[in-house]
Protein chains: 2
Amino acid sequence: MCQLLGMNCNVPTDICFSFSGFQARGGATDVHSDGWGIAFFEGRGTRVFLDPQPSASSPVAELVSRYPIRSMNVIAHIRKATQGTVALENTHPFMRELWGRYWIFAHNGNLLDFQPTLDGSFMPVGNTDSERAFCWLLQEFRRRFGEVMPSVDALFAALHELTLAIAGHGEFNFLLSNGDCLFAHASTRLSYIVRQAPFAEAHLKDQDLTVDFREVTGARDRVAVIATLPLTDNEQWTTMPAGTLWRFIDGAPAGQQATRPGPPRN
Amino acid sequence: MCQLLGMNCNVPTDICFSFSGFQARGGATDVHSDGWGIAFFEGRGTRVFLDPQPSASSPVAELVSRYPIRSMNVIAHIRKATQGTVALENTHPFMRELWGRYWIFAHNGNLLDFQPTLDGSFMPVGNTDSERAFCWLLQEFRRRFGEVMPSVDALFAALHELTLAIAGHGEFNFLLSNGDCLFAHASTRLSYIVRQAPFAEAHLKDQDLTVDFREVTGARDRVAVIATLPLTDNEQWTTMPAGTLWRFIDGAPAGQQATRPGPPRN
């Protein structure tokens, strides 16, 4: 499979520390060596860095881990190919524009027999199940809401319905953002942590690297980091229950919906 | 204004040499210091590197000038803002998807009173005349050709008509590619060179840097480089007449159309 990393904050924050640990999983401490990518929102703009090389040895990943890009919403992905060849066009995260906003999407999982009807408004460039799901999500958003972006509440409700429809096809952990907030679906496996005052030290699992957040944060800063598996070994991460869709705003969870039917009753 | 750089080749080629000279114009040897960007097609995928910082001092530009990404179609831009603030969302080149292909666009010029009706299928994220023109071009492509990408001849003919309509609003030098070929419009100022066997040495204007293409090319390689102003001082560049739309395929010009009416007659 793949691994996901997301960040949602209340002030523009760099992700260099978390990315350093995540990057190591792409071919060094773990097997996800079929490419990687990271997208940063900066205002309405986005920067997407992609590399079909393993992140552990990618010069672009090296730049990203050292060059502090401050962002309020970040989505990163390291790939272990399931569907689709190892190629740039199959490297996550994917980007499209809808309602004059960029949308960024990354997926960890495997969807079987998911061949929705696409009307041409958003078409996959590569051949992954992931990009197909992303295109269908945006198509359905537009079909429901027309030409004006709705409230984040309305978006979240629609995303919940659409996620239910896709999740029936298999494992569908994903991160999605339009720069205003970050949606996260724990289909099988996703964890998060919220860092806020009082800040402390954090130590990476995948590299012997420690940061003292007291030295690099302001009193009101709040940062949520979401990852397939916890990135640090001395902090308390929250496991998101399988079958939950979350939204993160201003560095904290702000709503949750179940995406798995309860146990059968009679 | 801004400066454009494009490359179209018959084999995947790196642009490190040309980009080094171009990069210096973004704040070192010239005044284009309101951001820069470069997009590489690799197969159907694209990599877009953007930085609202001057290219002459950008760590991302430093990476791009040293990391050989091999591509058959490249579009780069350094910006001197005319319309739109200095911000990431206004940094060229712009990217959209149409017909399951990525499209990349960069513009040098200034369009006045260009406020086309946009139907929502492609909407600007920033506030430049350039992104507005790009969105309108793609919308009109889709309106004409429906859901399947037409032949490159049909595209070129449509682009010619659409360019005529936009060019009436002002200076409209642009580069556009879907990865198959590169379209270039010389509204006022654009030059190109085709490098092919027998290869020779080239020396940059903007940096004291020489490359001997005999050492880095194969006998059948052919590379067209298109730039606002020639990048080397010991080669013969061709000035593209003002009011001409070109297409480049496999490293050479392959068609040209006038976009300026002839002198008035009576």
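Visitor: Which residues of α1(A) meet residues in α2(A)?

Guide: In this predicted model, Cys16(A), Phe19(A), Ser20(A) and Gln23(A) in α1(A) are the residues that meet α2(A), where their partners are Ala61(A), Glu62(A), Val64(A), Ser65(A) and Arg66(A).

Visitor: How do I read the way in which the axes of helix α1 and helix α2 of chain A cross?

Guide: The crossing angle is taken between N-to-C directions, and a value over 145 degrees counts as roughly antiparallel. Here the axes of helix α1 (residues 16–24) and helix α2 (residues 59–66) of chain A come within 8 Å and cross at roughly 150 degrees, and α1(A) and α2(A) are therefore roughly antiparallel to each other.

Visitor: Turning to the two chains, how many residues of chain A are in contact with chain B, and what area do the chains bury between them?

Guide: On the side of chain A, 34 residues are in contact with 34 residues of chain B, and the two chains bury about 2,700 Å² between them, with 55% of that area on carbon and sulfur atoms. Of the area that chain A buries against chain B, 20% is supplied by Leu88(A), Glu97(A) and Val125(A), which is more than any other three residues supply.

Visitor: What polar pairing is found across the interface of chain A and chain B, and which elements of chain A give two or more residues to it?

Guide: The general idea is that side chains of opposite charge can pair when their charged atoms come close. Across this interface there are 4 salt bridges, and Arg47(B) forms a salt bridge with Asp51(A), in which the closest N and O atoms are 3.2 Å apart. Polar contact is found for 16 residue pairs across the interface, both residues being at pLDDT 80 or more. The elements that give two or more residues to the side of chain A that touches chain B are β3 (45–51), α2, β5 (94–98), β6 (101–111) and α3 (129–145) of chain A, and β3(A) gives the most, with 7 residues. That side of chain A divides into 16 nonpolar, 6 polar and 12 charged residues.

Visitor: Where do Arg143(A) and Glu140(A) lie relative to each other in helix α3 of chain A?

Guide: Arg143(A) and Glu140(A) are 3 residues apart in helix α3 of chain A, so about one helical turn separates them, and their side chains meet in a salt bridge with an N to O distance of 3.4 Å. Over all chains, the count of salt bridges comes to 24.

Visitor: Which peptide bond of chain A is cis, and which residue other than glycine has a positive phi?

Guide: As a rule, most residues other than glycine have a negative phi, and most peptide bonds are trans. In chain A, the bond from Ala197(A) to Pro198(A) is cis, with omega near -5 degrees, and Pro198(A) lies in the loop between β9 (191–196) and β10 (201–203). In chain B, Ala197(B) and Pro198(B) are likewise joined by a cis peptide bond, with omega about -5 degrees, and Pro198(B) is placed in the loop between β9 (191–196) and β10 (201–203) of chain B. As for phi, Trp99(A) has a positive value, near 60 degrees, although this residue is other than glycine, and Trp99(A) lies in the loop between β5 and β6 of chain A.

Terms used: Residues numbered from 1 in each chain as written. Chains lettered and ligands numbered in written order. Predicted model: local features only at pLDDT ≥ 70, side-chain atom pairs only at ≥ 80, totals over all residues. Heavy atoms only, no water. Axes fitted to C-alpha atoms, helices over the stretch in contact; angles between N-to-C directions. Helix = DSSP H or I, 4+ residues; strand = E, 2+ residues; numbered from the N terminus. Parallel < 35°, antiparallel > 145°, perpendicular 65-115°, else oblique. Contact = heavy atoms within 4.5 Å. Buried area = accessible area lost by both parts, 1.4 Å probe. Polar contact = N/O pair within 3.5 Å; in protein donor to acceptor, adjacent residues only side chain to side chain. Nonpolar A, V, L, I, M, F, W, Y, C, P; charged D, E, K, R; others polar.
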